[in-house]
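Subject: A structure for you to look at

Hello,

Here is the structure I promised to pass on. Please open it alongside this note, and then read on for what was found.

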Amino acid sequence: MMTDDKANNESWDLIHVYTRAEAIADGVLIDVTDIARETGFRFPVAMTTAAWFACVDVPLGLASQDETGRLWDVLNVLMFTIRSSKDDCSRLSFRVSVLNEHGKFEQVELKSICGPGDNLEPVVTILLPNED
């Protein structure tokens, strides 16, 4: 059973905090805010590297594709999902259709989380469903 003291997070001593800025500097997150603003986002947006490689990174041999266009697709699908959602948009699942290395379309499941950034400002993160 938790005591009142342990239930209050403010009384805990933090050993280490890994900030969003550190995750971007380390390459764990990829900042896509500039293009996201062009698609209508008002908050900073980042993607995990796993989500980037699943949807934005262009497989070898697909000369007709580029990362900017693929990123634009991801962001537009997310923006459409946000605008058409009737529920809380702080956590959303969505699918993006991407060309794979065989030139076939495949559906990639993603999720977005809108939560507090390093300074408690709203930020959006795009992840694979199994990531936190």
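Which residue forms a salt bridge with Glu109, and how far apart are the closest N and O atoms? The partner is Arg95, and those atoms are 2.9 Å apart. A salt bridge here is a side-chain nitrogen of Lys or Arg within 4 Å of a carboxyl oxygen of Asp or Glu, and by this rule the count comes to 1.

Before going further, please note that this is a predicted model, in which local features need pLDDT of at least 70, side-chain atom pairs count only at pLDDT 80 or more, and totals for chains, interfaces and linings use all residues. Residues are numbered from 1 along each chain as its sequence is written, and side-chain values use heavy atoms, with hydrogens and water left out.

(Helices, H or I of at least four residues, and strands, E of at least two, are DSSP runs numbered from the N terminus.) Arg95 counts as exposed at 55% relative accessibility, while Glu109, at 28%, counts as partly exposed. The cut-offs are under 20% relative accessible area for buried, over 50% for exposed, and partly exposed in between, with a 1.4 Å probe and protein chains only.

S3 and S4 pair in the antiparallel sense over 9 bridges; two strands pair if DSSP finds at least two bridges between them. Ser97 stands opposite Gln107 in S4. The two strands form a hairpin with 5 residues between them, and Gly103 in the turn has a positive phi of about 75 degrees.

Both strands belong to an open sheet of 5 strands with mixed pairing, in the order S1-S2-S5-S4-S3. Strand S1 (29-31) and strand S3 (91-99) stand at the edges with a single partner strand each, so one side of each is left without a neighbour in the sheet. Elsewhere in the sheet, S2 (residues 45-48) and S5 (residues 122-127) run parallel, joined by 3 bridges, and Met47 stands opposite Ile126 in S5. Helix H5 (residues 67-84) packs on the sheet, touching S2, S3, S4 and S5, where contact means heavy atoms within 4.5 Å.

Happy exploring!

Conventions. Axes are lines fitted to C-alpha atoms, for helices over the stretch in contact, and angles run from 0 to 180 degrees between N-to-C directions.
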